[in-house]
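Visitor: I am new to this structure and would welcome a short tour. Could we look at it together?

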Amino acid sequence: MDSVGVETAGPAIEVLRRVFGYDTFRGSQQEIIEHVIGGGDALVLMPTGGGKSLCYQIPALVREGTAVVISPLIALMQDQVDALTALGVRAGFVNSTLDFDSRRAAEAAFVGGELDLLYLAPEALASPQTMRLLERGRIGLFAIDEAHCVSQWGHDFRPDYLNLSMLHERWPDVPRIALTATATAATHKEIATRLGLTEARHFVSSFDRPNIQYRIVPKQEPRRQLLELLRTEHRGDAGIVYCLSRSSVEKTAEFLKDNGVPALPYHAGLDAQVRAHNQARFLREDGLVMVATIAFGMGIDKPDVRFVAHLDLPKSVEGYYQETGRAGRDGLPSNAWLAYGLQDVVQQRKMIDQSEGDAAHRRNLGRHLDAMLALCETVECRRVQLLAYFGQQSGPCGNCDTCLSPPESWDGTVAAQKLLSTVFRLQKERNQKFGAGQCIDILLGKKTDKVVQWHHDELTVFGIGADLREAEWRAVVRQLLAQGLLAVEGDYGTLVLTDGSAEVLGRRRQVMLRREPERPVSAAKVLKQRGAAAAADLPAQAAPMFERLRAWRSATAKEQGVPAYVIFHDATLRQIATQAPTTLAQLSTISGVGENKLAKFGQQVLDALGEP
Ligand code: ADP
Ligand code: ZN
């Protein structure tokens, strides 16, 4: 393939149109691609769904030799290669999942110069056998995907990535492109240093994902809340639900199934085969909900994930952004929904206290958590806060819960003093420590068994907090914890004072708190917003065509043993349904219909459209 026969108007755009069937580049794709085609190194920071893959796939097609792509998730290489093969691109992979013959075949294809792309896992480079293989072929480019995995202080460190710097030592003339969707300024710097990308041009895109609506709601009955969300906004949609523990993954998946939502579990405790099977079903079938721990999702590039829901607080903003970023890669409206409560803070602090590793490591975990808590408790636009975390300035977005239904902030100094005094009295007068529940009962003046048993009704603070409801007190505790004005310790999550507490008690510090909106963003408001945002809803006459096309796609995908989106993306099917082309020439103008797919599927699509 390579550069033969490519017009001077620009080989990159020619490949974009002919092979991928897209009209124009997005954002800085063109600049990046031309830089890499010209032999330059590049460090690319672009959000999930921004279109990173093309940034190395097109240079792979234009440059002489094979592009070697380093990617951490071997379970997905087959799908990546299938997607390229469907486009007529010559791609292969070598990893431990291949049987002897397939491996031999892939190696021979590489050595024979028959591959445009070869996918490898980072750990493979540690083996001399792989190095010998690479030396026998002709390499045109190294692409290092998920490059943040090289960062030791990031949230996703993989030691094998540290070896990647040697690629440059052995092949100094081969350009390298490193890509990631998650990078704070610190991680960004670390990637450049650790990979030795000293000469690389840095391409930092906006990290905004405007089609994702961010919502963080107070956690009450998380499973019920989730079900309500799915019933009102996501009937028949594919989505991911993240839970912290394996058992809550199991319970949530069961709960959804019992309530008529097709859901599958995924966590590291499941048999590898079951896991692979569930993942394959999620990728291949339409409208499944995957309930998973964060073990699931890296490298999943299913474009039509309509929502990502978190039932537990993520450990870092990076993790949260990466996980939520799996929604809406196709650019259509999608939801990122998180339920968050006091118990999350208590539990996460406890996990940090008990984590292995030294004090510096725990401090690092604590910093990650603090940033996540600040996002949850903000009264400002969530997106502004998220982007600021990645060093990017923006204005209120109009498409997050705080923009759609602004929470008020209130002066919680007196409430904070009441709560902190309770903790202080218990400790000073009784030498006792208790959790949030008992402290709140004392403030509310509740004579529970536990209050009476400990004579806590005799404390001077007993009943001084009757002006707030229990839920409000829980919000006060949560926010003081988030702001570091109170801390939890031990197995039971007992409350203890911090240096900050003393400032509040000593009236040297004002405490502003977020008041939860009486009702979180209503479904009606959301739906209105989405209608305005998206052309997602099809015109009446296109809807039945879209359904026919989906049925055809589903049958074809099954027959070929590939995910449905490898055939055509939803966005492409929608456009076909809307424009109703009657000739191959008309069909070829639709975005996502390239040369190969036109030849392979064009007539079938026209037939499906023409059916009565
Ligand atoms: P990333 O790897 O950055 O998460 P992908 O490379 O998977 O993103 O691209 C996201 C989606 O956008 C894919 O479905 C891809 O086919 C599509 N896409 C990428 N670039 C373009 C483009 N220039 N025009 C149209 N669609 C594009
Ligand atoms: Zn906003």
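This is a predicted model: local features need pLDDT of at least 70, side-chain atom pairs count only at pLDDT 80 or more; totals for chains, interfaces and linings use all residues.

Visitor: Let us begin with the record. Which residues does the "Helicase ATP-binding" annotation cover?

Guide: In UniProt, an unreviewed entry assigns the domain "Helicase ATP-binding" to residues 33–201. In the model, that span is 37% helix and 17% strand, and its end C-alpha atoms are 12 Å apart.

Visitor: And which residues are annotated as "Helicase C-terminal"?

Guide: The unreviewed UniProt entry gives residues 222–373 for that domain. This span is 48% helix and 17% strand, with 18 Å between its end C-alpha atoms.

Visitor: Which residues of H5 are buried?

Guide: They are Ala 106, Glu 107, Ala 109 and Phe 110. Seen down the axis of H5, these buried residues fall within an arc of 160°, so they line one face of the helix. On the other side of H5, Phe 100 and Asp 101 are exposed.

Visitor: What is found at the start of H5, and what follows the helix?

Guide: At the start of H5, a side-chain oxygen of Asp 99 comes to within 3.2 Å of the backbone nitrogen of Asp 101. After the helix comes Gly 113, which has a positive phi, near 75°.

Visitor: A change of topic: where is Trp 171?

Guide: Trp 171 sits in the loop between helix H7 (165–170) and strand S6 (176–180).

Visitor: Is Trp 171 buried or exposed?

Guide: Trp 171 has a relative accessible area of 13%, so it is buried; the cut-off for buried is under 20%.

Visitor: Which residues is it in contact with?

Guide: Setting aside neighbours within four places in sequence, Trp 171 is in contact with Met 131, Leu 134, Glu 135, Ile 139 and Phe 142. Phe 142 and Trp 171 are 29 residues apart in sequence, and their C-alpha atoms are 9.5 Å apart in space.

Visitor: What about Arg 383: buried or exposed?

Guide: Arg 383 belongs to helix H15 (residues 382–389). Its relative accessibility is 4%, and therefore Arg 383 counts as buried.

Visitor: Which backbone oxygens does its side chain reach?

Guide: The Arg 383 side chain reaches the backbone oxygen of Arg 209 at 2.9 Å and that of Ile 212 at 2.7 Å. Not counting residues up to four places away in sequence, Arg 383 touches several others, including Asp 208, Pro 210, Tyr 214, Ser 394 and Asn 399.

Visitor: Finally, how many disulfides does the count give?

Guide: The count is zero disulfides. For Cys 376, the nearest cysteine sulfur is that of Cys 400, 13 Å away, whereas a disulfide requires sulfur atoms within 2.5 Å.

Visitor: Are those two cysteines buried or exposed?

Guide: Cys 376 counts as buried at 3% relative accessibility, and Cys 400 counts as buried at 0%.

Methods. Residues are numbered from 1 along each chain as its sequence is written. Chains are lettered from A and ligands numbered from 1 in the order in which they are written. Side-chain values use heavy atoms; hydrogens and water are left out. Buried means under 20% relative accessible area, exposed over 50%, partly exposed in between (1.4 Å probe, protein chains only). Helices (H or I, at least four residues) and strands (E, at least two) are DSSP runs, numbered from the N terminus. The arc is that of the directions from the helix axis to the C-beta atoms. A polar contact is a pair of N or O atoms within 3.5 Å; within protein, one must be able to donate a hydrogen and the other to accept it, and residues adjacent in sequence count only if both atoms are side-chain atoms. UniProt positions are given in the numbering used here, feature names are shortened, and annotations may be inferred rather than shown by experiment. Contact means heavy atoms within 4.5 Å.
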